Amino acid sequence: NEGSLWGARFASGPSTELQLLSRSTHFDWRLAGYDIAGSRAHAKALAAAGYLGDAELNAMLAGLDTLLDRVESGDLTAAPSDEDVHGALEGALITVVGPELGGKLRAGRSRNDQIATLVRLYLRDHAVRIAELLIDLIDALAAQASAHDGAIMPGRTHLQHAQPVLLAHHLLAHCWPFVRDLERLADWARRTDASPYGSGALAGNTLGLDAALVARELGFSRVVENSIDGTASRDVVAEFAFITAQIGVDLSRIAEEIILWNTREFGFVTLDDGYSTGSSIMPQKKNPDIAELARGKAGRLIGNLTGLLTTLKGLPLAYNRDLQEDKEPVFDSVDTLEVLLPAFTGMVATMRFDTDRMAELAPQGFSLATDIAEWLVKQHVPFRDAHEFSGSVVAYAEANGLDLHEVPDDVLAGISLHLTPAVREVLTVSGSVGSRTGLGGTAPERVAEQLATLTARVRSL
Ligand code: ARG
């Protein structure tokens with residue numbers, strides 16, 4: 001079993017079937033740069049503990065640098081006989097620095113503490129990337145909000161007209177979940193900021209290696225407190241997968257609205273040609289595929305999380321090979337978001353709103369009925385009665401094909417003597433929106449404050 005990391009006690013090499021099943025290089029090769037960084041840090045710990053002389057350390061580090069160059073240039077890749085990235089790189093190091101020196105690197109470490117560390121390093125970098133992409137999306141939504149600061153749209157509950165709101169308020173409502181996703185990533189990064197390197201296979205190492213030195217070299221602020229936990233837990237991976245799934249769900253909700261807004265029936269938005277697709281048979285078609293793919297990929301991101309949690313459930317301590325199954329799903333989640341987010345942001349940044357159409361629909365569906373009831377409350381009518389009176393105005397208007405402000409004075413007075421013609425002052429969408437001045441409300445001055453708060457919050461992360 002030449003070149004393998006574990007041949008001696010075996011009478012034969014692994015069967016072909018086992019090799020095919022066990023091999024992980026086709027997905028863990030993307031960790032090669034991190035594996036080399038870990039090896040550099042580990043070599044320094046070996047030298048600090050007296051297992052490598054200065055010249056040996058320098059030769060080892062130079063050899064590892066050579067490997068990194070060769071990995072980055074694509075000149076070094078895994079061979080079919082390599083089980084995983086760790087074994088492949090150890091084999092390659094030996095060809096560069098020779099078996100005498102190359103054979104010393106593995107002392108005091110295990111692939112179990114290596115992989116647990118590398119996956120953290122990888123996810124930490126991609127968390128930064130995903131955060132940048134999320135900020136781009138938030139900026140695009142916020143820019144659309146400020147470009148349409150006076151525009152009014154029908155606000156909906158149950159997908160039915162409910163109360164008019166500012167378009168900017170609605171767009172910012174989609175920003176806040178993404179802001180919380182950013183905060184989740186930052187919070188996750190704090191929990192992930194502990195190095196498992198030095199945990200060995202599970203019990204720690206006997207060689208007096210300085211795990212804090214390795215942690216520092218790799219940019220971790222601390223070492224995991226428990227070597228078994230360090231090698232056997234993957235909650236940092238699952239939590240990362242959760243955050244990506246939540247981002248997927250948040251994207252999917254705005255995606256669904258954009259799909260609706262883009263229909264002829266709604267007619268609220270037009271998507272830019274560069275961010276829409278056509279049909280192979282229907283020449284007139286222009287489809288919102290980016291939004292649909294976002295909605296679809298949310299399912300994939302949720303699936304990755306669900307699969308990962310299912311793999312972890314019931315696993316006894318410490319390391320089990322099942323844990324190798326953590327990487328493909330979470331790598332897929334990273335890849336998915338890193339492709340999806342830029343396209344989604346481009347679509348959002350370039351979509352054009354038909355604000356006249358939105359404003360025209362805003363008062364329809366008797367969406368100002370609550371304003372009548374609340375106007376009555378201000379005249380000291382109990383809300384239960386006010387709700388009833390306003391409901392009667394709606395019933396009359398509906399039966400007679402009128403809008404609320406068109407209901408005649410005598411009909412209003414017949415419903416309640418409190419319903420004087422003065423009620424009409426609240427029966428405009430701008431009056432309605434402008435009166436919602438409570439904190440977090442849709443009044444223009446509140447929305448302007450909200451935009452400033454949002455921008456400051458994102459910049460503070
Ligand atoms: N490839 C493994 C993983 O991704 C790490 C190697 C550990 N293998 C072992 N036999 N202990 O988790």
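These legends describe close-up views of a predicted model. Local features need pLDDT of at least 70, side-chain atom pairs count only at pLDDT 80 or more, and totals for chains, interfaces and linings use all residues. Residue numbers start from 1 along each chain as its sequence is written.

**View 1. Three domains divide the chain.** Domain 1 covers 16-107, domain 2 covers 112-360 and domain 3 covers 365-460. These bounds come from an automatic or database domain assignment. Between the C-alpha centres of domain 1 and domain 2 the distance is 32 Å.

**View 2. Domain 1 touches domain 2.** On the domain 1 side, α2 (25-28) and α3 (32-48) each supply at least two residues. Helix α3 gives the most, with eleven residues. Helices are DSSP runs (H or I, at least four residues), numbered from the N terminus. By class, this side of domain 1 has eleven nonpolar, four polar and five charged residues. Ala, Val, Leu, Ile, Met, Phe, Trp, Tyr, Cys and Pro count as nonpolar; Asp, Glu, Lys and Arg as charged; the others, Gly among them, as polar.

**View 3. The ligand lies between domain 1 and domain 2.** Both domains give residues to the shell around the ligand, so it sits between them. The shell includes Ser24, Asp28, Asp84, Arg111, Asn112 and Ile115. Also in the shell are Tyr319, Arg321, Leu323, Gln324 and Lys327.

**View 4. Helix α7 (residues 111-147) at the ligand.** This helix provides the largest share of the shell, three residues. The shell as a whole has three nonpolar, three polar and five charged residues.

Methods:
Two residues are in contact if their C-beta atoms, placed from the backbone, lie within 7 Å. A residue is near a molecule or strand if its C-beta atom, placed from the backbone, lies within 6 Å of it.
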